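Thank you all for coming; I would like to walk you slowly through one model this morning. Please have a look at the sequence and the structure first, and then we will go through them together.

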Amino acid sequence: MGIYLPIAELSVNIFVLLAMGAAVGFLSGMFGVGGGFLITPLLIFYNIPPAIAVATGANQVIASSFSGALAHFKRGTLDFKLGGMLLVGGVFGSTLGIYVFSLLRAIGQLDLFISLLYVVLLGSVGGMMMVESVNALRQSKGGAAPTLKKPGQHNWIHRLPLKMRFRASKLFVSIIPVLGLGAAIGFLSSIMGVGGGFIMVPALIYLLKVPTNVVIGTSLFQIIFVSAYTTIVHATTNQTVDIVLAFVLMVGGVAGAQYGAKAGQRLRGEQLRALLALLVLAVALRLAFDLFVQPANVYSLSGVDGGHL
Amino acid sequence: MRPVAALAAIALAWLSATPAPAVELPQETIQIGLSTDRIAITADFTGADLTIFGAIENSDPLLARQGRYDVIVALEGPTRPVVVRRKARVLGMWINVDSETFDNVPSSYSVATTRPWQDMADPEKYRQLSLGANNLHIAPVDTTESPATIAGFVAALRELKQKTGLYSERIGGVQFLSANLFRAKLLLAPDVPVGTHRARAFLFRNGVFIKETSAQLAIYKSGFEQAIYRFAMRHSLWFGIFAVVLAMITGWLGRIIFRKD
């Protein structure tokens, strides 16, 4: 069954979109990532113009993140205080990122920069997570209890001043790295058009040593606001949010997110991290493939006012 | 006798100079009619067949019977500027290195013919009439590039438009229903651009171009789609806020409906 997208101005299959939304929603509920880094490339592969894919992806991410965050809120695995602090940093980072975005577009080659950013970030984050989680899995098989938070073993981050207590996360850290992390994620997400969960989750786990179960809910909480900000900015500056496309993806996404959150509960932290690492690496490889392998057609079309990411 | 003979000679000379003036038919003309001059694109639009009926007036019955008339019907979408980019390998990566901007490129071009191109008329004639996707006039804004480079970009533009179905042709898409009544079936792609399209019909007799006619067709988004589009363009901030709120409500409802814990 076809459906006409009023902003993208083309007709697509509604069931393909629903399935796409459900699959990404499942993964986002499971791993606590918004799914922006999955949905945007998927939409582009499905011939949706990149500018619309980025903006609409951000819109759809709000729904699945909101749904997922609610589930974590009910379970008490959401640290509002930590999420709020990350968000404060995020607003500054996003604003700066949008400025850099238009600067990059003015000098051209924005799409190359974005592709490189994706490949480098996803590749390194995915690689590090993979190594760590495989080690943890091996240790737990050997009998020792897997411990991320080794008591007494603090890194330089925990020696910074301006400490604040985050009860839900059982954490007592300086707010400097929290604000800094929020700002860095906000900056990257406005340039890459993603919520930033795939960076946020490992950063919270490895840098701030937040317990994995709290990380997912908190990350989703922060993603809601970053994506909402991105959506509104894209809607006002480029008019590229296709609400019909977003809505169909959302319906599939929220259903998938609930099943995903349930499936995620059954897996252990290090298993979850290993799977997320695999997913992130797969997307990085796919994007690197596009960058390094000769395309079928070296030519491409776009409108004069961009239309091309 | 002499004056009569002279008169007859003059008459004979006059007759031979312009043979059979009484039986000369007026020039053939072609007419087309669209069943509608507006097509609304609704939510379930997945492309469509557009049927155009037409007639040849003052046709020669003998030539019509022998199938000597050919008709080509083309539907040309609104023109828009297009940027064509070319990728090349730089440091092992495929990146856009080159681009060419073209003004006034027909956003869509759908053509139907009675017979294969080579059987109807001379390729030169098609070029003169800019008939067929390969003969559309596509000129770059910046003409300083070498002709070979520009030709490459133009060829790529046509190829990409054909791949997406925006440029299409149907050989045999025009059928004669009677000696001078015909029907053309044109393809409207799923992403046919909205705006004013122009249908043009060309009549050929024995490979000679005779006449052309045209009609306009407006393709527009229907009520709901148009309302969303207008809202997004005119009140973009509210549209953005609405999109965010809609996403949150959907997320919340989804949680209630599909909750698993």
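Among contacts in chain B between residues at least 6 apart in sequence, what percentage join residues at least 24 apart? The figure is 70%, where two residues are in contact if their C-beta atoms, placed from the backbone, lie within 7 Å.

Before I go on, a word on the source: this is a predicted model, in which local features need pLDDT of at least 70 and side-chain atom pairs count only at pLDDT 80 or more, while totals for chains, interfaces and linings use all residues. Residues are numbered from 1 along each chain as its sequence is written, and chains are lettered from A, with ligands numbered from 1, in the order in which they are written.

Let me take the two chains in turn. Chain A has 10 helices and five strands, helices being DSSP runs of H or I with at least four residues and strands runs of E with at least two, numbered from the N terminus. Of its 309 residues, 52% are buried, a residue being called buried if 20 or more other C-beta atoms lie within 10 Å of its own, exposed if 12 or fewer, and partly exposed in between, with C-beta atoms placed from the backbone. In chain A, 80% of the contacts with a separation of 6 or more are between residues 24 or more positions apart.

G2(A) sits opposite N13(A) in β2(A). The two strands make a hairpin with four residues between them, and E9(A), in the turn, has a positive phi of about 60 degrees.

Chain B, for its part, has seven helices and 12 strands, and buried residues account for 29% of its 261 residues. An automatic or database domain assignment divides chain B into domain 1 (29-78 + 107-139 + 149-221) and domain 2 (223-253). The C-alpha centres of these domains of chain B are 38 Å apart, and five residues of domain 1 are in contact with four residues of domain 2.

Now, where do the chains meet? The contact takes 52 residues from chain B and 47 residues from chain A. On the chain B side, the elements giving two or more residues include β5 (79-90), β6 (93-106) and α7 (236-258), and α7(B) gives the most, with 16 residues.

For residues 237-258 of chain B, the unreviewed UniProt entry carries the feature "transmembrane region", although such annotations may be inferred rather than shown by experiment. That span is 100% helix and 0% strand, with its end C-alpha atoms 31 Å apart.

Three strands form an open sheet in the order β5(A)-β5(B)-β6(B), with antiparallel pairing. Because β5 of chain A and β6 of chain B stand at the edges, each with a single partner strand, one side of each is left without a neighbour in the sheet. Between the chains, four bridges join β5 of chain A (residues 299-302) to β5(B), and S302(A) has V83(B) as its bridge partner. Within chain B, β5(B) and β6(B) pair over 11 bridges, with K87(B) opposite N96(B) in β6(B).

Methods
Two strands pair if DSSP finds at least two bridges between them.
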